[in-house]
Amino acid sequence: PFAALATLALCVLATLVACSVPRSPLEDVVVEKTFIPEQCERSVKEGDFVRYHYHGRFPDGTGFDSSYDRGSTYNVFVGKKQLIEGMDKALPGMCVNERRLVKIPPHLAYGKEGYGDVIPPDAVLHFDVLLLDIWNPEDKVQVKTYHRPERCGREVRVSDFVRYHYNGTLLDGTLFDSSHTRLRTYDTYVGIGWLIAGMDQGLLGMCVGEKRIITMPPFLGYGENGDGSDIPGQASLVFDVVLLDLHNPKDGIAVEKQQVPEKCPRRSKAGDYMRYHYNGTLLDGTPFDSSYSRNSTYNTYIGMGYLIAGMDEGLLGVCIGERRRVTIPPHLAYGEEGTGTTVPGSAVLVFDVHVVDFHNPSDTVQVAISFKPEVCEPLAKKGDFVKYHYNASLLDGTFIDSTHRYGKTYNVVLGAGQVVLGMEMGLQDMCVGEKRRLVVPPHLAYGERGIDGEVPGSAVLVFDVELVDMEEGLPEGYMFVWNDDVSPDLFVEMDKNKDSQVEPSEFSDYILRQVNEGKGRLAPGFDRHKIIENMFGNQDRNGDGKITEDEFRLKADESVDHDEL
């Protein structure tokens, strides 16, 4: 009996001991961190929503479940009893992209009852977990700026139109979209519902050229349903954004005067013809055009629709020599379409302009007298032979030419078309010793073509002129005049060999003799031999090379004017 009683007591003791010890060798969840990412900006805490992949296996390696097989992450709140107790304990403190091997005893899993045919009673479960996403219902858009330009004249605000590049990734770094791969910016309005709510918020306050990381929870992104196959449901989104352009449909042009000459006698107005250099860039500094690269100014009328509207406006009121920056919104430039490869659609344009010169088609020569002798007469007039020095330059001061380089004056007959019309006009009524500055518009100078290699087309010219000498010309229509009374025997005096006809040599000798003796005068400034040859030709009416007495007539006897006696 004792033996039987002892055996019974031992059995009871064994039973009692067996009842107090778990069937699993595990007392609690065991976590092995098999991969820890270098960066962990955030870790799981109770109340967070997580997305993770897992393999579920028994200790012998037999698999019982896998999210990979379903092609979808497991999405759930942590610490809200939506998971088995062991997993709720294993996930806190985990980082995105961290990998853990989680061993869960049955009393923290499916216990004595198991789970259907999948998990037997009292089963220890192993989970190979890879965390892909964390967010919390209290989350807001997170913005991290990693580059901001030194100058930021304007920040993005609600209703602005922006152009930006981005890379879009999930929280684990998986790329789902990129504007860079499409080789074009994303162009849209901000803050009016054209974007997901997180991006609408994340772009506010950005400067052109700024780079920032915008992180948003799914309820500010694509929510429970995600977006197709690229963005899963309940996914946090990360956008790496660089802002390239910014404007508002209400914007006008912006003008920044960078350099204005001290003296500005005239400002440009609509209808003026302007020559200017420019560098054209996008708002982020990307160049798209430059007149300097063509080594030629841009020449056009302003304020008349020959330019984009913003430039037409931006060039009004400038001084010659002024430098200004004109910023033009797209609706005053090339609009939504742009110009193809050089100017993208909806682009703000920046022009750095240097005004070289401008004039108006109604302009005449501007005359400024810098020196005038006390006695200033006679005054130069049409037909006079004048000798003068000049320095020629463009309106911006660029040197063109100077008579001083050659050590001699420039000599012309006024009204004979020997110089540009503007110079002829500017020399009128000058006296010897007088100095003038002449500003000559191109239509009174070298016109649209200019002189290759010397004077640009459509250039306004500046001449600093000094009249050195002047010889009075002949009355209009005359190339020779008598200082004394005309001899009644003029023909006989010319006919030196008395053969009743005057040959070219006799005619030339006689005229030159009259000039040398002061009895007559040839028009100054012309080749005297050509003048005499022309006079002879006018008298030789039958063209036989000789003048007869019947052919010979004085100018006073002519019904039609000729350059002759």
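In this predicted model, Cys40 and Cys95 pair up as a disulfide, with an S to S distance of 1.8 Å. The link is left-handed, at -90° about the S-S bond. Cys40 sits in the loop between strand 1 (30–35) and strand 2 (49–57), while Cys95 sits in the loop between helix 3 (85–90) and strand 5 (99–104), so the bond ties together parts 55 residues apart in sequence. Cys40 is partly exposed at 37% relative accessible area, whereas Cys95 is buried at 9%.

That bond is one of four disulfides in the structure. Another joins Cys152 to Cys207, again with sulfur atoms 1.8 Å apart; its S-S torsion is about -95°, so it is left-handed. Here Cys152 lies in the loop between strand 7 (142–147) and strand 8 (161–170), and Cys207 in the loop between helix 5 (197–202) and strand 11 (211–216). Cys152 is partly exposed (28%) and Cys207 buried (1%). Then there is Cys264 with Cys319, sulfurs 2.0 Å apart, left-handed with a torsion of about -105°. This pair also links parts 55 residues apart; Cys264 is partly exposed at 25% and Cys319 buried at 0%. Taken in sequence order, the bonded cysteines pair 1-2, 3-4, 5-6, 7-8.

As for the whole chain, it has 10 helices and 28 strands. Its radius of gyration is 49 Å, well over the 24 Å from the globule rule for 565 residues, so the chain is more spread out than a compact globule. The C-alpha trace spans about 190 × 50 × 40 Å along its principal axes. Even so, 46% of the residues are buried.

Methods: Residues numbered from 1 in each chain as written. Predicted model: local features only at pLDDT ≥ 70, side-chain atom pairs only at ≥ 80, totals over all residues. Heavy atoms only, no water. Helix = DSSP H or I, 4+ residues; strand = E, 2+ residues; numbered from the N terminus. Rg over C-alpha atoms; globule rule 2.2 N^0.38 Å. Buried < 20%, exposed > 50% of the residue type's maximum accessible area, 1.4 Å probe, protein only. Disulfide = S-S within 2.5 Å.
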